[in-house]
Amino acid sequence: MALIGGAPVACAALDEVLSLSQDVVAADGGAATAAARGLALSAVIGDLDSITEDARAAYDDILHHVAEQDSTDFEKCLVRMDAPLIIGAGFSGGRLDHQLAVCNGLVRHPSRRCILIGEEDIVFLAPPALALDLEAGTRVSLFPMGAVEGRSEGLNWPIGGLVLTPDGQIGTSNFATGPVQLSVTAPKLLVILPSAYLRAAASLLMTAPARWP
């Protein structure tokens, strides 16, 4: 299922997301992007404080107002979308605090498999184990959102024996030496790859055998 956020989104990134799903939801202000493209939406979800009047009129019959302010519009969508995989665009490239909040949301809801695409990168929460067929030299950044350990094969700098933490050892700007395998101990590690690997990551997350509870 595709999800459109309110941040600026490159046409190529949005086209790639839409090519993977015809079932589309917008998060609040993301409805303006959808309306500008003339997209048919299944729902617009959020506190609706950012939706434009034109988008409100276009999607009036599918607005889902969630008034509480303890979660972001991204999270409001994430917990209400019934899909094995959510692929989102329009959640990076805008305000930095919004981008950080989205990363927080990925970790707070580990049972929801979700990939977000920006102009250059994709990001997703690592499942308990994953295997990706990456070309040697591919950038693989691992960013911990909490304390997490793991093991790796196919990374230039292995993570085995390390405790990764957001205020200590992190794993950005690593790179693959070939196909990569990872296993991690907790749903705390974000995987960041070049956006060219969106389809490979989507296939991985749809078929990875284990989920976080």
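Which residue of β2 does I4 stand opposite? The legends below take up that pairing and several other close-ups. The model is predicted, so to speak of local features requires pLDDT of at least 70 and side-chain atom pairs count only at pLDDT 80 or more, while totals for chains, interfaces and linings use all residues. Residues are numbered from 1 along each chain as its sequence is written, and side-chain values use heavy atoms, with hydrogens and water left out.

**View 1. Strands β1 and β2 lie side by side in parallel.**
I4 stands opposite A26 in β2. Strand β1 (residues 2-4) is joined to β2 by three bridges; strands are DSSP runs of E with at least two residues, helices are runs of H or I with at least four, and both are numbered from the N terminus. Two strands pair if DSSP finds at least two bridges between them. With helix α1 (residues 11-20), β1 and β2 form a right-handed β-α-β unit. Right-handed here means that, with the strands pointing away from the viewer, the path from the first strand over the helix to the second runs clockwise.

**View 2. β2 meets β3 in the parallel sense.**
Three bridges hold the pairing of β2 (residues 24-27) with β3, and V25 stands opposite A43. From β2, V24 and A26 point one way and V25 and A27 the other, and all are buried; buried means under 20% relative accessible area, exposed over 50%, and partly exposed in between (1.4 Å probe, protein chains only). In a regular strand the side chains alternate between the two faces of the sheet. β3 (residues 43-46) sends A43 and I45 one way and V44 and G46 the other, and all are buried.

The chain passes from β3 through helix α3 (residues 53-58) to β4 in a right-handed β-α-β crossover.

At 1% relative accessibility, D28 is buried.

**View 3. S141 makes a polar contact with the backbone of S173.**
S141 is part of strand β9 (residues 139-144) and is buried at 6% relative accessibility. A polar atom of its side chain lies 2.8 Å from the backbone nitrogen of S173. A polar contact is a pair of N or O atoms within 3.5 Å; within protein, one must be able to donate a hydrogen and the other to accept it, and residues adjacent in sequence count only if both atoms are side-chain atoms.

**View 4. V79 and H109 come together from separate parts of the sequence.**
Their C-alpha atoms are 7.8 Å apart, although 30 residues separate them in sequence. V79 lies in the loop between α4 (73-78) and β5 (86-89) and is partly exposed, with a relative accessible area of 34%.
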